[in-house]
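Here is a short walk through one structure. Keep the sequence and the 3D view side by side as you read.

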Amino acid sequence: MAQTDALEIRGLRVAVDGKEILKGVDLVVPKGEIHALMGPNGSGKSTLAQTLMGHPRYEVLEGQVLWKGENILELSPDERAKKGLFLAFQYPVEIPGVALGNFLHIAYQARTGQEVPVGRFHRQLVQKLKLLDMDPSFANRNLNEGFSGGEKKRCEILQMAVLEPEMVVMDETDSGLDIDAVRIVANAVNRIFAESQGKMGVLIITHYQRILRYIQPLHRVNVMMDGRVVLSDGPELAERLEEMGYDFLEKRLHEQAGFVKEPSGSD
Ligand SMILES: Nc1ncnc2c1ncn2[C@@H]1O[C@H](COP(=O)(O)OP(=O)(O)OP(=O)(O)O)[C@@H](O)[C@H]1O
Ligand SMILES: [Mg+2]
């Protein structure tokens, strides 16, 4: 049964350039919870993130993504954003000639449908920059142009702080960050989450336990392998994965009945 206060992914099968990558993903991220999605290279994590945001290259073969009681797969990326979905990417884009502050002002107004005077918006923006330990001059720089990898990632978090989304998907926002920056990003996520008072859900896609160590609270760790979520458990699962690696886990799962299940056709 559909939950109206959760992002619900049901039996999602997705192909890229004719090749099936997601082979029946089931995952529920309720509002008010922070989930992690881990898994080996090429297991389909970014494919899931891109599909959630509505990238046209990703062909949905089957399944549903329910959000606020609606199958969002039928909505444009823009409509999804207006409904409070936010995706931070592994490789953030550069938009030359657009100042970060102006971009955020426009994005905020589009998201909320409210006009906010520039001065007031700027004051709010400076507060958010402080939260991320970013220099206020950042607001005047062009979006991601000439930003270091770590600065781009912090910008994504800044966007998240400004847009006040209800469901956030972060695809490897921690990769390429030094250890201090990982902590700053994690703390910012914690603050934004706490301020949302249960109105926001978060899905953090990551390879590393290091960011998850700082995420408080972390409700669940889900593991994707070969296009399916094969395991879901409490936060200690991230530690276990770091210790034993995916190979070991894969063997264990294959030993369990029901794991090697073809999506269709085979009895
Ligand atoms: N255009 C394409 N044509 C064929 N296969 C593709 C295409 N794009 C992606 N894939 C494949 O889809 C699989 C899943 O890729 P995806 O980027 O979703 O993995 P990931 O779990 O995010 O990996 P990583 O941890 O390395 O970021 C990979 O095997 C990849 O090679
Ligand atoms: Mg990826």
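Start with a strand. Met167, Val169 and Asp171 point one way from strand 7, while Val168 and Met170 point the other way, and all of them are buried. The model is a predicted one. Look across from Val168 and you find Val202 in strand 8.

Now move to the ligand. Which residues are around ligand 1? They are Val16, Asp17, Lys19, Ile21, Gly39, Asn41, Gly42, Ser43, Gly44, Lys45, Ser46 and Thr47. By class, this shell has 7 polar, 3 charged and 2 nonpolar residues. Strand 2 (19-30) and helix 1 (45-53) each supply at least two residues of the shell. Helix 1 gives the most, with 3 residues.

Stay with helix 1. It is mostly covered, with 7 of its 9 residues buried. The buried ones are Lys45, Thr47, Leu48, Ala49, Gln50, Thr51 and Leu52. After helix 1 comes Gly54, which has a positive phi near 90°.

Asp17 also belongs to the residues around ligand 1. Asp17 is found in the loop between strand 1 (6-16) and strand 2. Its phi is positive, about 45°, although Asp17 is not a glycine. Is Asp17 buried or exposed? It is exposed, because 8 other C-beta atoms lie within 10 Å and the cut-off for exposed is 12 or fewer.

Glu164 is not a glycine, yet it has a positive phi of about 45°. Its place is in the loop between helix 5 and strand 7. Glu164 is partly exposed, with 16 other C-beta atoms within 10 Å.

Helix 4 (residues 118-131) and helix 5 (residues 149-163) pack with their axes 10 Å apart, at an angle of about 135°. That angle makes helix 4 oblique to helix 5. The crossing of helix 4 past helix 5 is right-handed.

End with a peptide bond. The bond from Gln216 to Pro217 is cis, with omega near 0°. Pro217 is found in the loop between helix 7 (209-214) and strand 9 (220-225).

Key: Residues numbered from 1 in each chain as written. Chains lettered and ligands numbered in written order. Predicted model: local features only at pLDDT ≥ 70, side-chain atom pairs only at ≥ 80, totals over all residues. Near = placed C-beta within 6 Å. Helix = DSSP H or I, 4+ residues; strand = E, 2+ residues; numbered from the N terminus. Nonpolar A, V, L, I, M, F, W, Y, C, P; charged D, E, K, R; others polar. Buried ≥ 20, exposed ≤ 12 C-beta atoms within 10 Å, placed from the backbone. Pairing = 2+ DSSP bridges. Axes fitted to C-alpha atoms, helices over the stretch in contact; angles between N-to-C directions. Parallel < 35°, antiparallel > 145°, perpendicular 65-115°, else oblique. Left-handed = near helix turned anticlockwise from the far one by under 90°.
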